[in-house]
Amino acid sequence: MTCIVGLETSHGVMMGADSATCIEGLQVANTSPKLFRRRAHGVEWVIGAAGDTRVVQVLHACLELPKAPRTASRIDDMMATTFATAVMAALEQHKKLKMSDGKSTYNGDLLVGVRGRVYLSASDGAYVRSRDGYMAIGSGSDFALGSMHASACYTPRARIRKALMAAERYGVGVRGPFTILQGKR
């Protein structure tokens, strides 16, 4: 029960997240962030997680980010290899991995912004980068993506906010307050 939205901008990436957490049938506006910004090796990263609350807590506290290359094709390679390995290592150390069809996975998906690019990093380590320049994950993602498509004339911050508001209005399990973070190229 989440909505996290990411947008590639001329200055880097902008991402936003809601605050809803559902535990045993109870929905609360959680103070534990679903979205965090980290600087590693001179590069800003913005990372959000949908799914298991503990996954984002572990990654926020323990993820050792790899060095992000400068070239676009090398960033894609890094997402498939060293980034995916770093995520799995942090989650394995804290017993958050499970075996599914012979692969290590975790409960959730990540939205990752690095060097002006937004990636969906799936629970098995695979990644997707949309040609649209934006992506969303979580139960409110369909509403957020529709809003992002329809709001191209707005500022990046306004687009993210409108997408989260649409997901809150029409989706189940999406709730403010919203957090919006920017990561520089």
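Is Leu181 buried or exposed? I started my notes there, and Leu181 turns out to be buried, with a relative accessible area of 14%. For me, buried means under 20% relative accessible area, exposed means over 50%, and partly exposed is in between, using a 1.4 Å probe and protein chains only.

**Ground rules**

I'm looking at a predicted model, where local features need pLDDT of at least 70, side-chain atom pairs count only at pLDDT 80 or more, and totals for chains, interfaces and linings use all residues. I number residues from 1 along each chain as its sequence is written, and side-chain values use heavy atoms, with hydrogens and water left out.

**Leu181**

I found Leu181 in strand 13, residues 179-184. Helices (H or I, at least four residues) and strands (E, at least two) are DSSP runs, numbered from the N terminus. Next I listed what Leu181 touches, with contact meaning heavy atoms within 4.5 Å. Setting aside neighbours within four places in sequence, I got Val13, Met14, Met15, Leu35, Phe36, Arg37 and Val46 for Leu181. I also checked His149: it sits 32 residues from Leu181 in sequence and 20 Å away in space, C-alpha to C-alpha.

**Thr2**

I went to the segment before strand 1 (4-9), where Thr2 is found. Thr2 counts as buried, at 3% relative accessibility. Leaving aside neighbours within four places in sequence, its contacts include Asp18, Lys34, Ala49, Ile137, Ser139 and Val174.

**Helix 1 against helix 2**

I looked at how helix 1 (residues 53-62) meets helix 2 (residues 72-93): their axes come within 10 Å and cross at roughly 110°. That makes the two helices roughly perpendicular. The axes are lines fitted to C-alpha atoms, for helices over the stretch in contact, and angles run from 0 to 180 degrees between N-to-C directions. On this scale, under 35 degrees is roughly parallel, over 145 roughly antiparallel, 65 to 115 roughly perpendicular, and the rest oblique.

Which residues of helix 1 and helix 2 make the contact? I noted Val55, Val58, Leu59 and Cys62 from helix 1, and Val87, Ala90 and Leu91 from helix 2. They divide into seven nonpolar, no polar and no charged. The sorting takes Ala, Val, Leu, Ile, Met, Phe, Trp, Tyr, Cys and Pro as nonpolar, Asp, Glu, Lys and Arg as charged, and the others, Gly among them, as polar.

Val56 is in helix 1 too, and at 4% relative accessibility Val56 counts as buried. Beyond neighbours within four places in sequence, Val56 is in contact with Pro33, Lys34, Phe36 and Ala49. Val56 and Phe36 are 20 residues apart along the chain, with 8.8 Å between their C-alpha atoms.

**Cores**

I then looked for nonpolar cores, each a set of buried Ala, Val, Leu, Ile, Met, Phe, Trp, Tyr and Cys residues joined through side-chain atoms within 4.5 Å. The largest has 27 residues, and Trp45, Leu59 and Phe83 have the most contacts inside it. Strand 5 (35-40), strand 6 (43-51), helix 1, helix 2 and strand 9 (108-114) each give this core two or more residues. Helix 2 supplies the largest share, nine residues.

I checked Leu59 by itself: not counting residues up to four places away in sequence, Leu59 touches Phe36, Arg38, Val87, Ala90, Leu91 and Leu110. There is also a second, separate core of 15 residues, including Val5, Ala167, Phe178 and Ile180.

**Cysteines**

How many disulfides are there? I counted zero, taking a disulfide as a pair of cysteine sulfur atoms within 2.5 Å. The closest cysteine sulfur to that of Cys22 is in Cys3, 13 Å away, too far for a bond. Cys22 is partly exposed at 37% relative accessibility, and Cys62 is partly exposed at 28%.

Most residues other than glycine have a negative phi, and most peptide bonds are trans. I noted where this model departs from that.

- Gly176 and Pro177 are joined by a cis peptide bond, with omega about 0°. Pro177 is in the loop between helix 4 (156-170) and strand 13.
- Lys95 has a positive phi, near 60°. I placed Lys95 in the loop between helix 2 and strand 7 (98-100), and Lys95 is exposed, at 71% relative accessible area.
- Arg115 also has a positive phi, near 50°. Arg115 lies in the loop between strand 9 and strand 10 (117-121), and Arg115 is buried, at 16% relative accessible area.
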